[in-house]
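Have the viewer open as you read.

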Amino acid sequence: MVLQAKSITKIYGKGQNAFVALDRVSFSVKRGQSVAIIGKSGSGKSTLMHVLAALDRVNGGTIAFNDKDYETLRAGQLDSLRSKHFGFIFQQFFLNGRETVLENVLLPLKIAGVSFGSRKKRALAALEAVDLLDKKNNRATDLSGGQKQRVAIARALVNDPEVIFADEPTGNLDSENGSRIEELLFNLNRKKGITLIIVTHDEDLARKCDRQFNMKDGRLTEAKK
Amino acid sequence: MKLLDILLTANRNLTRSKLRTIFTILAIFVGGFTLTLTTALNTGANEYLQRQLGNVSVPGVFQVVPKTDVNPLQTGGVKEYDPEKQQGSITDILNSTFTQNEVDKLSKVEGVDIARPLYALSGKYVTRADGTGKKYQVSQVVQNIGLRFDLAAGRLINDTDTDSIVVTEDYATAMGLSGQDGVGKKIKLAYEDVRGNITQQEVTIVGVMKKTFLTSGQLYVSFNVSQKMAEDQGKAARFFGALVRFKDATDATDEKVLKDRLQAAGNFTAMSIKERIGTVTSVVSAITAALNVVGIIALVAASFGIINTLLMSVYERTQEIGLMKALGMRRGKVFGLFALEAALVGFWGSLVAIGAATGVTLIVNKVASDSFLKDFEGFTLLVVDWQNALFVMGLIMLIAFVAGTFPAIKASRLNPIEALRSE
């Protein structure tokens, strides 16, 4: 199991105002699977992604990546876990508009402390994988939405992650660009064996994944195919 | 993230809001510029004093005067008279209350080589012994106290010399005896005796010393000359102090021990030559220290500018910081990124300030040496040396870094999820 959550609980606020975002959620993903988590906004699907991606701590239960329990790791170790093994794709892309496409893709390698020499080569390879090599010196603001998300994908895969977390990756795109992004993601999943965790409310996208989970009021159920 | 990456990223972030960065740097510049100039003034003055006086002081030579424990300004109120306690006031020095008795006491102090009366002598004029030249006014005739002045020709007066004199270059030139020509020549030193008659004393020039601001207008005579002058002027029995020299004193000698020994011998205040010179340099240091405070205040004001600039930057870049933290950038590195940005503002500010101050220094020095410092040969008013430049730069970067810590802590504590959610 690449990711395993056992009876995790996440509560926001205290006392009367306490809100249970995750209610004893158990969940496990095998290496190379593509997993979709669907649910309405406020259902807790984003919270689930955040805790699985070690961006947030849980109040109860355990989460493990490759059998390593998050609870036993210090903040710095969780940082390097994300830096070395996870990739992130967001609905709003979160590119730095003032910098070039190449600089944006380089960022995870800089953070991970990869040497200057191999950095550029790897970033160019990632840009080639999303077919944007010719835009490498363009400013990120000058790109279209679809292109921006492709840059984000390149940034997510540049550090050779085991898991890519994608939060509504096609949410801000038209159907044509959306399907191109989907195609890219599933290609990575198939060819490189990268595990995909996609949070979405797009049922068509969810149906293309190996497994589908429904999130409702903090509870998770797997939809049978 | 590697340190070099953090440095490059921080520097690039500064260039994003150029105008804002420039104004922050300008605020730093004002403080840095002031500080560079004041330290340059301090260095310039001290270098000059060092060059003029550095070698002058002879170890183990003290000037001893009566102790003055009555405060002439009477601050602290009127004190009761105590017949048991010997009292002295500043007027004791002015009234010349020292006698041979005190000198004898001093000569018995352990380690003392020579103890001699110190007279306040006045002269009238000097002129060539052959009577061919003009007469030149004398302001002060000084007993040879063994100061090691720089010489243009000849040598200094030693203990065994009699009827000898050391003159400054300007006297030598006036009398037409400059340089090597003057050495060995006889001149006449004229002074007024106790009855108001002009007496001429023939003396031989053994050395010509370079002009310094300490020595201009002074003539140094051998002990026998000063003694004779004192007798004629009625100053031999009571004089203002004594000159004491210790045996075998070197630069490594602890003069404090010798000073204590002299002061224990009677109601004396002893001061070494080094101490007397030290009072001059400490006045210069005090003035420049006061000016430095102005520079520091400007820098403290500028540091609030840095805090403001960086806080705005943190708010503007909240999403970016959130992304970097999500991608695994550690808290310490986020802190480092912002703190370094502040230090870089300090670096650029101080670099510009030091550069501009150096430029100003060149102009001011040129103007000064052509006008009010004309008579102070070799006095470079402002000197920016690399130690001072590094000190100013280090200080400014430190202040900037400290100012940057508050915004940097704010940035490092951002929660990545919330930061990414912010618009």
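Q: Which helix of chain B holds F304(B)?
A: Before anything else, keep in mind that this is a predicted model. In chain B, residues 273-316 form one helix, and F304(B) falls inside that stretch. The element asked for is helix 8.

Q: How many Å apart in space are F304(B) and A27(B), C-alpha to C-alpha?
A: Along the sequence, 277 residues separate F304(B) from A27(B). In space, their C-alpha atoms are apart by 9.7 Å.

Q: Why does chain B count as more spread out than a compact globule?
A: Chain B has 12 helices and 12 strands. For its 423 residues the globule rule gives 22 Å, and chain B is well over that, so it is more spread out than a compact globule. Along the principal axes, its C-alpha atoms fill a box of roughly 100 × 60 × 40 Å.

Q: What share of the contacts in chain B with a separation of 6 or more comes from residues 24 or more positions apart?
A: As background, 39% of the 423 residues of chain B count as buried. Among contacts in chain B with a separation of 6 or more, the share from residues 24 or more positions apart is 82%.

Q: Which strand of chain B gives the largest share of the side of domain 2 that touches domain 3?
A: The domain assignment of chain B puts 61-119 + 236-248 in domain 2 and 120-234 in domain 3. Between them, 10 residues of domain 2 of chain B are in contact with 11 of domain 3 of chain B. On the domain 2 side, strand 2 (112-118) and strand 11 (241-246) of chain B each supply at least two residues. The largest share, three residues, comes from strand 2 of chain B.

Q: Which helix of chain A gives the most to the side that touches chain B?
A: Where the chains meet, 20 residues of chain A are in contact with 17 of chain B. Helix 2 (75-85) and helix 3 (101-112) of chain A each supply at least two residues to the chain A side. That side divides into nine nonpolar, six polar and five charged residues. With six residues, the top contributor is helix 2 of chain A.

Q: How many of the nine residues of helix 9 of chain B are buried?
A: The buried ones are E320(B), I321(B), G322(B), L323(B), M324(B), K325(B) and A326(B). Their cover includes helix 2, strand 6 (86-89) and helix 3 of chain A, plus helix 10 (331-370), helix 11 (386-412) and helix 12 (416-421) of chain B. Helix 9 is largely enclosed by the rest of the structure because its buried residues number seven.

Key:
Residues are numbered from 1 along each chain as its sequence is written. Chains are lettered from A and ligands numbered from 1 in the order in which they are written. This is a predicted model: local features need pLDDT of at least 70, side-chain atom pairs count only at pLDDT 80 or more; totals for chains, interfaces and linings use all residues. Domain bounds come from an automatic or database domain assignment. Two residues are in contact if their C-beta atoms, placed from the backbone, lie within 7 Å. Helices (H or I, at least four residues) and strands (E, at least two) are DSSP runs, numbered from the N terminus. Ala, Val, Leu, Ile, Met, Phe, Trp, Tyr, Cys and Pro count as nonpolar, Asp, Glu, Lys and Arg as charged, and the others, Gly among them, as polar. A residue is buried if 20 or more other C-beta atoms lie within 10 Å of its own, exposed if 12 or fewer, and partly exposed in between; C-beta atoms are placed from the backbone. The radius of gyration is taken over C-alpha atoms; the globule rule is 2.2 Å times the number of residues to the power 0.38.
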